[in-house]
Every structure is written in C-alpha cells, then in structure tokens.
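Biologist: I am new to this structure and would like to understand what lies behind the words used to describe it. Please show it to me first, and then let us go through them.

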Amino acid sequence: FDHATTRMGVVLAFEQREEGVCQKAQDLQAKFAQKFRFVLLSFHPPDLPNHVPGKSSNECWAFQQLCSELEQTYRIHRHDP
C-alpha cells in the first residue's frame, strides 16, 4: 500500500437512519484520512423510491455519490481510460 495516500480512495457507505451514524462515520474518516487519498462518507437517505433499506441500496447510493465526487473534485469522469 505504498501508493494508497496518492492513488487510492475509500468510500464508507452508511444508512442515514442508523442512530449515531454521523459520529461513527466521522470517527472512521478521521482514523483513515491520512492513509488514503480521500475517505468519502455516504449516507443513504431513507424513503427513496425503489430503494429497499439494506446493503445493496447503500452501495448503489454510495457509488452514485462517488461518481459525483470524482467528477466534481478530481475531474475524473466515468468514461476516462
């Protein structure tokens, strides 16, 4: 993992309705922020149409958030080589 701080990012996906999730997410982000290029926090909102609460919907939401973050912050687009 020599290049993790410059070449690897991490996405932590959470269910927004989970009690204490903000503190848990911030603690994990602080713990790992210096080890990776970025640590993105994603909170799956409740009551989205066609999203059943659970791991798969959290991952789907997190991926959408990641794509947006990569494009806006790092200028990396989905179709870049």
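Biologist: What pLDDT does the chain average?

Modeller: The chain averages a pLDDT of 93, and 100% of the residues score at least 70, where pLDDT is the predictor's confidence in each residue, from 0 to 100. This is a predicted model, in which local features need pLDDT of at least 70 and side-chain atom pairs count only at pLDDT 80 or more, while totals for chains, interfaces and linings use all residues. Residues are numbered from 1 along each chain as its sequence is written, and side-chain values use heavy atoms, with hydrogens and water left out.

Biologist: Why is His44 called buried?

Modeller: Buried means under 20% relative accessible area (exposed is over 50%, partly exposed in between, with a 1.4 Å probe and protein chains only), and His44 counts as buried because its relative accessibility is 2%.

Biologist: What makes the link between the side chains of His44 and His51 a polar contact?

Modeller: The two side chains are joined at 2.9 Å, and a polar contact is a pair of N or O atoms within 3.5 Å; within protein, one must be able to donate a hydrogen and the other to accept it, and residues adjacent in sequence count only if both atoms are side-chain atoms.

Biologist: How do you know that Cys67 is in no disulfide?

Modeller: A disulfide is a pair of cysteine sulfur atoms within 2.5 Å, and by this rule the count comes to zero. For Cys67, the nearest cysteine sulfur, that of Cys60, is 10.0 Å away. Cys67 is also buried, with a relative accessible area of 9%.
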